[in-house]
Amino acid sequence: MRFSLAFYSIEGFINEHNQVVLMLSIIREHADSWMIKAILWLIIFAFVGTIFYSWGMGGSASSGGGVIATVNGQKILQAEYERNFNNLVNFYRQQFRSQFSNDMIKKLDLKNQTLQGLIQKKILLIEANKQNIRVSDEEVISYIKKLPSFQDDKKFSEPAYRNYIKIQRLTPGEFEESQREILLLEKLEKLFRTHSKATKSEILKEFSNQEDKVKLEYVRFTSDHFTSETKITDQTLQDFFQANKTQFQIPPQIRVKYVKIESKDYESQVEPRDEDIKDYYQTKIADFQVKKKYKASHILINLKPSEIEGDLSEEEKRKQADKKAELKSNELLEKLNKGADFGEIAKKHSDDSASGINGGDLGEFPKGTMVSAFEKALDNLKPGEISKPILSPFGYHIIKLESVEEKRLKPLDEVKNEIIESLKEIKARQRVKRIIKRIHMAAQQDGNLDKAADGHQLKTTETTFFSKKNHNIPEIGDQPEFFKTAFILGKNQVGEPIITPEVSYILKVIEEKPKYIPELRKVQEKVKDALIESNNKTATLKKFEELKESLKKNKDLEKIVKSYGLSISNTPFFSKSESIPGIGNIEQIKENSFAMKTGEFGSAQVRERFYLYKLVDIEKSGAPDSEQTEQIANKIKTEKKRQAFQEWIDNLKAGAEILVDKTLL
């Protein structure tokens, strides 16, 4: 009998998730390396691809949908794409938290990145098959059973496996197959691992890039910084409009009719059964664990080395500061043992100003909040007891435990109402999903969306005209899929259901307007603003050229730029491997700066900014020591391996037949 496993714990995912975060930091250092991108995507799809099935919203990992792409004839299903895209969005949402927005999805190009990651994964799996690389069931089972997150007293935990199947609603073998892919790709990577060397000249060059430093004076201004004195007449406005008509073109517009269903409207109709409540409680039982809680106060003594007088080394000052802090802590403890008031001592002597003014009170906090030495001391105290001085990275603590609440599991009765509300949300979403699909089926038959909606006591709504660029419709809000669907539909065509956790839609395009060039009188203010901006850019470019010419004759940067109303800024020392402080990671300026001699000038126009800069000082690195040489050599060899792997992947991709249905993106 084949032994199939399908399990993964949240803790296990977090461990692997941290590896993804580590990889993200690497990719930022080597953004142009395809090898880095390759490894990142392999990790993301291996570890994230089967996670994030929320309770009640799961589904088979093998469910299909349309074919979004094929790679040498092998399919990438839309359902697989959508799962990985949603997982990737969730991943970034967790990283950026409140800073994350739908606009970031576009800026990070997550849709295309998801597709490219799946294509690359498919290419590599096809190649593994060509190379006759195989992973046996025994290898997969052994690998999974050794995952640290599923060990209980150094043994595989069967309950964790069963619980995972229940929570994730996966079919047996789906998780196993995802782990088989991980092992296949690991074997493939080892097969094509190349041997590389780092030459002495390469090491010296890289060390120079890291350690040689320069300092700049610079002037920066935007491309429209200076104001043009050119007067705008009716004729110049007309001429500019005629020459730039497409800039003011009104794009194609459409108007749609839609049905909108919000799941919250159905929550009052849901009455969860007792068995559903019990099942949810057991499935989500980890969410109802309450951590151990402490209520405590402390007195912190932390003398800084700078407070030690005398001509001593920093190390000796630090040692003396620690000794004095320990001595002072013991003196305060002796006073407390003789009956001194803890709160008064804390107010007078604690170096933790935030808690000190409150008599050392730290309030109530759960286990895991404080550093380990602090919590270990708490666990050895009884309420009302005071600890001996405890050393932590922050200094010496005298701790008083006020009270403790042991960890516990909230009983079902305590969380029943909370569970009922969650189940109402889940089941309301499920009901909306069924209704929207039925409306869609009915509307597809005769194109009558009004009739289909009326069959479920719902009404349709019509929008005003909107375009891809300008679609601010308050009643729709930020729903990218709504507008994406609208613009792939033909007139009178009913779109596929758009289903989100909060709201669902079905829409139909009812009117279209082609693109057109408006009359000048209707866009006159826009044309005028654009002409002013254009004139200012021309004036600014002229001033920039004047400044460059002036610097050829007179090397006094401050004197020259002052006459133009500009100010000079200064950078600290920076290396080739760093972004230029105050300027940014502009390679053109960095390369030129490290090729210049002290006192020489450079200039650059980058995007919408102009730069004038002067090399002020140079710091040469010398030669690397043995430890630095080894580190740099390892870095160079690793990069060479990445480059070799990149070339190999590029060749595989260039030779593959890749077909993409962009209408499904």
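How many bridges join β10 to strand β11 (residues 395–405)? The legend to view A gives the number. The model is predicted; local features need pLDDT of at least 70 and side-chain atom pairs count only at pLDDT 80 or more, while totals for chains, interfaces and linings use all residues. Residues are numbered from 1 along each chain as its sequence is written, and side-chain values use heavy atoms, with hydrogens and water left out.

**View A. An open sheet of 4 antiparallel strands has the order β9-β8-β11-β10.** Helices (H or I, at least four residues) and strands (E, at least two) are DSSP runs, numbered from the N terminus; two strands pair if DSSP finds at least two bridges between them. The edges are taken by β9 (361–366) and β10 (390–392), each with a single partner strand, so one side of each lacks a neighbour in the sheet. From one strand to the next, the twist averages 45°. β10 and β11 run antiparallel and are joined by 3 bridges. Opposite serine 392 stands glycine 395 in β11. Helix α12 (residues 314–337) packs on the sheet and touches β8 (293–301) and β11 (contact: heavy atoms within 4.5 Å). The direction of α12 makes about 40° with that of β11. Axes are lines fitted to C-alpha atoms, for helices over the stretch in contact, and angles run from 0 to 180 degrees between N-to-C directions.

**View B. Another open sheet has 3 strands in the order β2-β1-β20, with antiparallel pairing.** β2 (74–77) and β20 (658–660) are at the edges, and each has a single partner strand, so one side of each is left without a neighbour in the sheet. Direction ignored, neighbouring strands of this sheet are turned by 20° against each other on average. Strand β1 (residues 67–71) is joined to β20 by 3 bridges. Alanine 69 has valine 660 of β20 as its bridge partner.

**View C. Helix α9 (residues 200–211) crosses helix α22 (residues 626–654) at roughly 105°, with the axes coming within 9 Å.** That makes α9 roughly perpendicular to α22 (65 to 115 degrees; under 35 is roughly parallel, over 145 roughly antiparallel, the rest oblique). From α9, the contact includes Ile203 and Phe207; from α22, it includes Ile632 and Ile636. By class, the residues of this contact are 5 nonpolar, 3 polar and 4 charged. Ala, Val, Leu, Ile, Met, Phe, Trp, Tyr, Cys and Pro count as nonpolar, Asp, Glu, Lys and Arg as charged, and the others, Gly among them, as polar.

**View D. Helix α5 (residues 110–130) also meets α22, and the axes come within 10 Å and cross at roughly 95°.** α5 is therefore roughly perpendicular to α22. Among the residues that meet are Ile119, Ile123 and Leu124 in α5 and Trp648, Ile649 and Leu652 in α22. This contact has 6 nonpolar, 2 polar and 2 charged residues.

**View E. Tyrosine 81 and phenylalanine 85 lie in helix α3 (residues 78–96), 4 residues apart, about one turn of the helix.** Tyrosine 81 has 4% relative accessibility and counts as buried (under 20%; exposed is over 50%, partly exposed in between; 1.4 Å probe, protein chains only). Phenylalanine 85, at 11%, is buried. The whole structure holds 17 aromatic pairs (rings of Phe, Tyr and Trp, its six-membered ring, with centres within 6.5 Å; planes under 30 degrees apart are stacked, over 60 edge-to-face, the rest tilted). The rings of tyrosine 81 and phenylalanine 85 have centres 6.2 Å apart and planes at 10°, so this pair is stacked.
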